[in-house]
Amino acid sequence: MKINQILRRHLQAVKPYQSARDEYKGADGVFLDANENSLGTVGEGDFNRYPDPYQMKVRAELSRQKDLGLDSIFLGNGSDEIIDLLIRAFCEPHQDKILIMPPTFGMYLASASVNGVELVEAPLKPGFEMDLPLIKEKMKEQVKIIFICSPNNPTGNLMNRDLVIEILENFEGLVVVDEAYIDFSPEGTILPLVKSYDNLFVLQTFSKAWGMASLRLGMGFGNPEVVNVLNKMKMPYNVNGLTQQFAYEALLKADEKEEMVSEILEQKKWLFESLNSLPLVKQIYPSDANFYLVKFDDPDQIYQDLIAEKIITRNRSRQYLCEGCLRITVGTKEENQTLIAALKKMENE
Ligand SMILES: *Cc1c(COP(=O)(O)O)cnc(C)c1O
């Protein structure tokens with residue numbers, strides 16, 4: 001992949017904003033360069049200094065854990081920011097397109113729309129696998145980025161690795177594999193392939209398995225040239241200091257994440273068996289994530305009845321191939337029991 005062939009022309013000449021903290025990198029000294037309040041912070045905490053614009057501590061730890069060079073790692077204000085930056089980096093509005101595979105995560109469409117970038121759709125096949133011949137056909141339509149969500153939201157399945165490789169080998173633009181749920185299916189990660197394919201960019205997040213959705217931290221892994229472009233475009237302090245600190249501490253306790261994942265997977269098994277025994281439930285699709293796509297005869301009614309019990313699920317029944325389906329996250333033991341009890345009650349009414 002030749003980065004300059006897919007990068008938007010005007011960005012090739014853009015120089016990044018030089019923040020005060022770019023110019024002097026030492027840790028101690030008398031800092032009179034950034035017009036901060038040297039006296040301190042109003043209220044609790046120490047927030048008076050601008051954070052590290054390149055999140056060196058977090059990225060160095062990720063570099064170690066993921067076995068990737070520092071220059072292959074980009075951090076964003078959630079993966080959402082990275083999705084948006086990628087679209088803005090490579091797609092000329094009203095001209096270039098992104099390819100998505102419905103039913104999938106809504107953010108690709110949302111970011112493309114906001115940026116005036118059109119979508120090309122290559123819907124998944126029944127059973128939710130990718131339609132390779134269709135993708136190969138559609139990728140010719142001025143497509144710059146192909147988004148593959150794996151495990152896919154809302155269907156829950158991991159995408160076939162051989163098909164992902166086929167796409168990497170046949171597409172001249174960027175292939176973004178969104179692995180937001182990969183911690184629930186660790187053997188499924190495609191991350192090692194970023195060393196062999198310079199057009200592969202992998203997204204992961206602290207929002208799901210790490211339990212840090214509120215802190216907003218997404219990870220992007222891939223070609224250092226792509227990382228460079230994103231660094232040039234991003235807001236200088238896109239990841240705040242508190243998030244950097246908590247993410248770093250979390251990375252040092254990765255075993256805690258693993259323990260939570262095992263517990264969630266245990267609950268997931270219980271939830272499957274319990275749902276599976278209910279006549280209301282027509283089908284439960286296989287899942288590599290922390291949720292199930294579940295089919296009912298009357299999803300709107302079930303959805304509303306659950307809301308009345310203050311149980312909130314995601315109604316996906318109007319999405320392509322998801323007719324009749326609610327997406328249900330695996331919760332705590334008590335939450336899952338509450339859900340099953342409510343569904344049983346509906347069954348008896
Ligand atoms: C939840 C989710 C994300 C996470 O986005 P953040 O901005 O990192 O919170 C990304 N992709 C998919 C498919 C998701 O479902």
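Phe74 stands opposite Gly220 in strand E7, in a model that is predicted. The largest pocket has a volume of about 880 Å³, and a search of the whole structure finds two cavities of 30 Å³ or more. The ligand is surrounded by 13 residues.

**Strands E1 and E7**

- Strand E1 spans residues 73–76, and strand E7 spans residues 218–222.
- The two strands run antiparallel and are joined by four bridges.
- Strand E1 is covered on both faces. Ile73 and Leu75 lie on one side, Phe74 and Gly76 lie on the other, and all of these residues are buried.

**Surroundings of the ligand**

- Among the 13 residues around the ligand, the closest are Tyr181, Thr205, Ser207, Lys208 and Arg216.
- Ser207 places a polar side-chain atom 2.6 Å from an oxygen atom of the ligand.
- Arg216 also contributes through its side chain, with an N or O atom 2.6 Å from an oxygen atom of the ligand.
- Asp80 contributes through its backbone: an N or O atom there lies 3.0 Å from an oxygen atom of the ligand.

**Largest pocket**

- The volume of the largest pocket is about 880 Å³, and its lining consists of 25 residues.
- Arg49, Tyr50, Pro51, Asp52 and Gln244 are the lining residues nearest the centre of this pocket.
- Helix H3 (56–66) and helix H9 (241–251) each provide at least two residues of the lining.
- Helix H9 gives the largest share, with six residues.
- The lining of the largest pocket comprises eleven nonpolar, seven polar and seven charged residues.

**Second largest pocket**

- The second largest pocket holds about 340 Å³ of space.
- It is lined by 21 residues, and those closest to its centre are Gln65, Lys66, Thr189, Leu191 and Gln204.
- Helix H3 and helix H10 (254–276) are the elements that give two or more residues to this lining.
- By class, the lining of the second largest pocket has twelve nonpolar, three polar and six charged residues.

**Cavities**

- The largest cavity has a volume of about 60 Å³.
- Its lining is formed by Pro16, Tyr17, Ser19, Asp22, Pro53, Tyr54, Asn231, Lys232, Lys234 and Pro236.
- Five of the residues lining the largest cavity are nonpolar, two are polar and three are charged.
- The second largest cavity contains about 30 Å³ of space.
- Met101, Thr104, Leu124, Phe147, Ile148, Cys149, Asn152 and Met159 line the second largest cavity.
- The lining of this second cavity has six nonpolar and two polar residues, and no charged residues.

**Four-stranded sheet**

- Four strands form an open sheet in the order E8-E9-E11-E10, with antiparallel pairing.
- Strand E8 (281–284) and strand E10 (314–315) are at the edges and have a single partner strand each, so one side of each lacks a neighbour in the sheet.
- Strand E10 pairs with strand E11 (residues 325–329) in the antiparallel sense over two bridges.
- Within this part of the sheet, Arg314 stands opposite Arg327 in E11.

**Two single residues**

- Gly156 is placed in the loop between strand E4 (143–149) and helix H7 (161–170).
- Gly156 counts as buried because its relative accessibility is 0%, and the limit for that class is under 20%.
- Between Gly156 and Phe296 there are 140 residues in sequence and 17 Å in space, taken C-alpha to C-alpha.
- Lys136 lies in helix H6 (residues 132–138).
- The relative accessibility of Lys136 is 30%, so Lys136 counts as partly exposed.
- Lys136 and Pro224 are separated by 88 residues in sequence and by 26 Å in space, C-alpha to C-alpha.

Definitions and conventions
Residues numbered from 1 in each chain as written. Predicted model: local features only at pLDDT ≥ 70, side-chain atom pairs only at ≥ 80, totals over all residues. Heavy atoms only, no water. Buried < 20%, exposed > 50% of the residue type's maximum accessible area, 1.4 Å probe, protein only. Pairing = 2+ DSSP bridges. 1 Å grid on protein atoms, 1.4 Å probe; cavity = no way out; pocket = protein on both sides within 12 Å on 5 of 7 lines; lining within 4 Å. Points joined across faces, edges and corners; volume = space filled by probe spheres on them. Nonpolar A, V, L, I, M, F, W, Y, C, P; charged D, E, K, R; others polar. Near = heavy atom within 4 Å. Polar contact = N/O pair within 3.5 Å; in protein donor to acceptor, adjacent residues only side chain to side chain.
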